[in-house]
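Student: Could you go through this structure with me? I would like to discuss helix packing and aromatic rings.
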Amino acid sequence: MPEPSADPPPRSTPPPASAPGGAAAAAAAPSGAPPAPAAPRASGEAPAREGGHHAPQAPSGRYLAVLSLSALGIVFGDIGTSPLYAFRESLHEGYGVAVSAANVLGILSLIFWALVLVISVKYLTFVLRADNRGEGGILALTSLVTPIAVGHRGARRKLVLLGLFGAALLYGDGMITPAISVLSAVEGLEVATPVFTPYIVPITIAILVALFAAQRFGTGGVGRVFGPVMLLWFTVLAALGLYQIVQAPGVLQAVNPLHGARFFADNGVRGFLVLGSVFLAVTGAEAMYADMGHFGKRPIRLAWFVLVFPALLLNYFGQGALLLAQPEAVENPFYHMGPDWALFPLVGVATVATVIASQAVISGAFSLTMQAAQLGYAPRVHIEHTSSTERGQIYIPGINWALMIACIGLVVGFGSSTNLAAAYGVAVTTDMLFATILLAIVARQRWRWGLPRVVGLISVFLVIDLAFWGANIVKVPAGGWFPLVVAALVFTLMTTWKRGRQILAQRLQEQLLPRTVFLENLRRHPPPRVPGTAIYMYGNRQGTPPALLHSLKHFGVLHERVVFLAAETEEAPYLAPDERTTIEELGEGVYQIVLHYGFMEDVDVPSALADLHREGRMSFEPMKTSYFLGRETIIAARHRAGMQIWREKLFGVMARNARSATSFFRLPPNRVVELGAQIEL
């Protein structure tokens with residue numbers, strides 16, 4: 001199979017996506033001065049983009065309502081299902097906190113202010129401002145920050161590694177969220193009758209298998225009902241909570257932060273550790289930022305403040321009101337809130353809601369994998385597009401089945417949502433902590449905030465983040481190790497791939513024939529020319545593609561028109577059509593074409609060449625155009641400086657299993673020629 005491409009010398013922009021997996025076929029190369037980083041958008045809305053994937057700038061009226069409704073299913077699924085277990089786990093007997101009125105009000109106060117400060121203030125007010133041309137997420141934030149460190153390679157490397165580990169943590173979250181969400185919903189059957197107890201785990205596994213099996217059909221059709229179903233879910237949450245609050249309105253005094261302070265004073269260390277479960281009420285905050293590009297900021301904020309936030313508060317306070325009257329309901333306060341006749345319908349609605357929440361996390365893992373591959377931190381993977389109009393709707397079989405196996409293993413291994421809660425939170429709190437650090441750099445360098453303002457605001461966020469992180473880190477022995485191990489493995493794979501590509505670039509650089517030398521030799525000693533166009537895909541724009549030299553060596557002829565083609569990934573998630581292509585005529589029938597892509601875009605070489613033909617800039621006849629790709633076999637070498645031998649072997653394994661360059665670039669297979677070589681790392 002095609003092997004990884006050479007990585008160019010470090011650019012001042014975030015790592016380009018050369019074609020991870022196809023050596024000289026790869027596309028990223030040094031570009032000299034980086035493009036000017038995009039400034040944060042003052043309006044705070046995502047720009048319109050081809051394909052309808054972005055919300056238009058400043059949506060309003062009916063369209064704003066439609067976007068807000070759609071956001072309910074994608075953005076708020078995770079945080080919207082937290083009432084199933086967050087309050088219950090905060091009063092778990094393992095903490096040794098009694099189900100007293102003071103403790104119930106104290107925990108409610110902590111949940112209330114966590115939702116206000118973490119979600120309403122930190123994420124919706126400040127983090128959402130840090131958009132990279134309308135896109136969000138930890139990788140987008142990292143790529144927004146790294147150009148700031150131009151000239152400070154050490155600082156840039158640390159920022160990249162910080163963001164990269166934050167992204168790796170999300171894979172662990174993506175494995176735990178479906179498991180704990182679906183399991184907690186199905187456990188409602190136990191409240192109805194103990195007859196279901198032996199079947200909780202099998203039923204959960206069956207639902208998870210069905211969920212992951214359905215991924216190959218795409219989320220487009222199901223996505224249309226996500227919003228209405230979640231609207232029903234939040235309505236149910238609000239109604240259940242309101243029913244209980246009416247019977248015990250005194251629970252509303254929990255909005256007073258003094259109840260939270262008194263809870264810490266009364267319970268000491270035990271009260272601090274309860275923060276680990278209180279944090280479950282805000283998991284999903286990162287989804288609001290990651291999915292910003294799908295809807296824009298205004299619909300997300302509108303959906304939160306108009307429906308999601310009030311519904312969550314009513315439900316949490318309703319659970320508190322129930323426990324004030326019936327402390328014995330602490331075993332599962334959510335399912336005890338409604339009348340007996342509504343239990344089974346409630347379990348059904350909750351199960352559907354958790355499936356939707358899981359769908360959003362799974363789709364996020366697909367998008368994160370594609371971004372990592374585009375940025376050069378992961379090999380090319382097989383990606384299937386499940387929609388002809390929405391480029392963001394993708395399916396990655398390998399990631400899908402890996403997540404399914406992990407989810408099933410977690411359900412079987414932990415057995416209950418209570419046990420899984422011990423593993424949940426470590427990854428998300430660490431990721432939120434990293435996001436705060438990166439946000440501080442954005443505020444200081446991009447928004448030009450004064451140092452006192454940055455320190456003042458970020459210090460508040462750091463105190464909150466560190467408190468939640470400290471309360472969750474003690475969960476490591478009880479299961480919190482799992483997302484950390486997953487993150488460490490993913491981080492190792494990503495950094496090994498990146499470093500391997502850099503070493504491979506160095507090895508190829510040693511054998512590089514400068515482009516100017518080749519062109520001079522071509523002028524002095526012109527070989528026979530044959531009709532047609534030959535496209536040599538190579539990332540280093542200053543060098544001659546090795547595949548071209550091999551071709552000349554073996555065949556002794558050159559096509560009448562030769563194109564050196566590179567595809568570079570920029571720090572922006574999407575580029576406008578007029579930013580896509582640059583053409584340089586080198587003489588002697590040789591041209592240099594550079595295709596520029598955002599890190600969330602697919603590379604489609606034939607489509608880009610067809611655009612050039614339509615624009616009249618350069619014509620290509622498909623049946624007279626051949627593509628030449630380099631194919632390297634990686635050999636781990638102990639006698640050469642590079643990586644540890646085990647990492648070199650790991651890199652070789654990853655390279656051999658990477659998606660073919662032909663498939664990645666969407667080249668016509670019957671027009672591709674591959675020429676190979678062996679490279680020692």
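Student: In a left-handed or a right-handed crossing, how does α4 pass α18?
Tutor: The crossing of α4 past α18 is left-handed, meaning that the near helix is turned anticlockwise from the far one by less than a right angle. This is a predicted model, in which local features need pLDDT of at least 70, side-chain atom pairs count only at pLDDT 80 or more, and totals for chains, interfaces and linings use all residues. Residues are numbered from 1 along each chain as its sequence is written, and side-chain values use heavy atoms, with hydrogens and water left out.

Student: Which residues of α4 and α18 meet?
Tutor: Val118, Lys122, Tyr123 and Phe126 of α4 meet Met432, Ala435, Thr436 and Leu439 of α18; contact means heavy atoms within 4.5 Å.

Student: Phe126 again, then: which aromatic cluster includes Phe126?
Tutor: Phe126 forms one aromatic cluster with Trp447, Trp449 and Phe461. Ring centres of Phe, Tyr and Trp (its six-membered ring) within 6.5 Å make a pair, with planes under 30 degrees apart stacked, over 60 edge-to-face and the rest tilted.

Student: What lies over the face of Trp449?
Tutor: Arg453 does, at 3.8 Å from the ring centre. A charge sits over a ring if NZ of Lys or CZ of Arg is within 6 Å of the ring centre and within 35 degrees of the ring normal.

Student: Changing topic, are Phe664 and Phe665 buried or exposed?
Tutor: Both Phe664 and Phe665 are buried (under 20% relative accessible area; exposed is over 50%, partly exposed in between, with a 1.4 Å probe and protein chains only).

Student: How many aromatic pairs does the structure hold?
Tutor: There are 20 aromatic pairs. One of them joins Phe112 and Trp113 edge-to-face, at 5.0 Å centre to centre and 85° between the planes.

Conventions
Helices (H or I, at least four residues) and strands (E, at least two) are DSSP runs, numbered from the N terminus.
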